[in-house]
Amino acid sequence: DRVGAHVTLTIMILVGLFAVAMAALPFVGGTFMPDFREGHFVIQASSSIPGTSIGEMVSVGKRISAEVLALPYVQTIEQQIGRAEMGEDTWGPHRSEFHVELKPNAGVDQGAAQEDLRNIMGRYPGIQSDVVTFLGDRISESLSGETSQVAIKVFGDDLDAIDATAGKIVATLGKISGIVDLEFKRQSGTPAIAIYLMPDALAATGLKVQDVLDTVETAYAGAKVGQTYKGTRTIDVDVLLPDSLRHQPEQLAQLMIASPLGPVPLSQLAHVELAQDRYSIGHDGGQRRVSVTFNVSSGALQDVVRQAQGAIAKSVVLPAGVFLEFTGAAEAERQTRVELGLYSGLAMVLIVMILFIAFRWRANSWLVLANLPFSLIGSVLAIAITGVGLSLGTVVGLVTVFGISARNAIL
C-alpha cells in the first residue's frame with residue numbers, strides 16, 4: 001500500500017539506485033579469473049645467471065625445499081629442473097619449477113600461505129621467482145606464454161636497447177604497491193668466445209673467411225666426412241677435435257688452419273677473445289623481444305595495470321624502434337568484458353523482440369524488462385560488499401541473474 005501510494009517516489013528511488021549501480025560498476029575493480037585456492041602452488045624459479053649447472057640448482061633446491069617443508073601446513077614439495085627429454089618447456093638447467101602441496105586439513109589462509117612462500121624465495125637474491133596457483137600458472141601460460149598474470153613484452157631489433165628499456169621498466173614498476181613477483185627475464189650473460197678475423201692476414205695467406213669458419217665449425221661442431229657399415233646399418237663418420245681440446249677455450253687460438261702456404265694457427269689470422277653473448281633470443285610474431293612479468297597481490301588487477309601503464313608512459317622513454325605490448329590476464333579481461341557486453345546487448349535485443357512477439361499486450365514486455373535493473377542493483381551491491389571484483393565468473397553471474405529475473409517476471 002505504501003509503495004502504491006508513492007509510485008512516483010518509488011520509481012525515482014529505483015532509477016537513482018540503478019544509476020548509482022551503473023556508475024559504480026567500473027570502479028568495483030576486477031580481474032580475468034577469480035583467485036583459485038586449490039591447495040597447490042607452483043613456484044617458478046630461475047637463476048639470474050643462464051648456464052647455471054644442474055648440480056647448483058639441485059643444491060639451491062634442497063635449501064628451498066627444507067624451508068618450505070618447515071612450514072606446518074605444507075605436505076609435500078617437488079622440484080623439476082630444466083626440461084624433460086620429450087617435454088614441451090624449452091628451459092635450460094638454470095630454471096626450476098617447484099610444486100608445493102598443502103595439507104588437506106591445514107586450515108591456513110591460502111593467501112597468507114602464498115605470501116609465506118614469496119618471503120622464502122625473497123631470501124635468495126640470485127633467484128628470480130614467481131609464486132602462483134596451479135590453475136593460475138596454466139591459464140597465464142595460455143594467455144601470454146608466461147606464468148605471471150601480467151607480461152609486458154618489449155619488442156625491437158637492437159637487443160641492447162630492449163634490454164636497457166626492460167631494465168628501466170623494472171625500476172619503475174618496483175615503486176608501485178601491489179606488484180609482486182616482478183621479473184625481467186634477461187636473455188644475456190652466457191660466456192662465449194669471439195673471433196675477429198683480420199682481412200690483411202687472410203689476404204697474405206690466401207685464405208677466405210669461409211675457409212676459417214668451416215675449419216672452426218668442423219673442429220668444434222663436427223663435419224660428416226664419410227660413411228661406414230656395421231651389418232645392415234649405415235653409420236655416418238664425423239671428424240672433430242677430441243673432448244680434451246674442445247673443452248679448453250684457450251686452445252682455440254692454436255687451431256691450425258690449412259692454407260696455400262701451409263698450416264697457420266688461428267691466432268695469426270684473428271683476434272680470439274672471451275666475451276658474453278645471449279644464450280637465446282626470444283621472438284614473438286617474427287620480432288625480437290624480452291619480457292617483464294609481475295603478479296598483483298593487493299588491489300584490483302585492472303587498477304594496478306593502469307597505474308603501471310601510466311608510470312611507464314611518464315618515466316620510460318622508448319628508443320627508436322622499440323615498442324611495448326601489455327599481455328596476460330588484464331588484457332584478456334578487458335577483451336572479455338567488451339565481447340560479453342557486445343553479445344549480451346545482442347541477446348537483450350533478441351529477447352526484447354521475442355517478448356514483443358510472445359505477448360499480445362506490450363505492457364507485459366515492458367514489465368518484464370523493468371525487473372532487470374533490480375537484479376543489477378543487488379548484484380553490484382553484493383560485489384562491492386564481498387570485494388570479489390569483476391571477473392569472468394562474476395560477469396557470467398550477472399548475465400545469469402538477468403536471465404533468472406526475466407524468467408521470474410514472465411512466470
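**Close-up views of the predicted model**

**E67 and its salt-bridge partner, R123.** At 26% relative accessibility, E67 counts as partly exposed. Here, buried means under 20% relative accessible area, exposed means over 50%, and partly exposed is in between, using a 1.4 Å probe and protein chains only. This is a predicted model, where local features need pLDDT of at least 70 and side-chain atom pairs count only at pLDDT 80 or more, while totals for chains, interfaces and linings use all residues. Residues are numbered from 1 along each chain as its sequence is written, and side-chain values use heavy atoms, with hydrogens and water left out. The side chains of E67 and R123 meet in a salt bridge of 2.6 Å, N to O (a side-chain nitrogen of Lys or Arg within 4 Å of a carboxyl oxygen of Asp or Glu). The pair links distant parts of the chain, 56 residues apart: E67 sits in helix α3, and R123 in the loop between α4 (110–121) and β4. Helices (H or I, at least four residues) and strands (E, at least two) are DSSP runs, numbered from the N terminus. With 52% relative accessibility, R123 counts as exposed.

R118 counts as buried at 13% relative accessibility, whereas E115 is partly exposed at 31%. Together with D181, these two residues are linked in a network of salt bridges.

**D236 and K224, a pair between two strands.** What do these side chains form? They form a salt bridge, with the closest N and O atoms 3.4 Å apart. D236 lies in strand β9 (residues 233–239) and K224 in strand β8 (residues 223–230), 12 residues apart. D236 is partly exposed, with a relative accessible area of 43%, while K224 counts as exposed at 54%.

**An open sheet of 4 strands.** Follow the strands in the order β2-β3-β1-β4, with antiparallel pairing (two strands pair if DSSP finds at least two bridges between them). Because β2 (74–81) and β4 (127–133) are at the edges and have a single partner strand each, one side of each has no neighbour in the sheet. From one strand to the next, the twist averages 20°. Between β2 and β3 (residues 95–102) there are 7 bridges; V74, for example, has L102 in β3 as its bridge partner. Helix α3 (residues 54–69) packs on the sheet, touching β1 (40–47), β2, β3 and β4, and its direction makes about 170° with that of β2. Contact means heavy atoms within 4.5 Å; axes are lines fitted to C-alpha atoms, for helices over the stretch in contact, and angles run from 0 to 180 degrees between N-to-C directions.

**The largest nonpolar core, with 27 residues.** A nonpolar core is a set of buried Ala, Val, Leu, Ile, Met, Phe, Trp, Tyr and Cys residues joined through side-chain atoms within 4.5 Å. Which members touch the most others? They are I152, I169, L173 and F294. Among the elements that each supply at least two residues of this core are β5 (150–155), α6 (159–173) and β14 (287–296). Not counting residues up to four places away in sequence, F294 has contacts that include I152, L173, D181 and V304. A second, separate core of 20 residues includes V68, Y73, V74 and V131.
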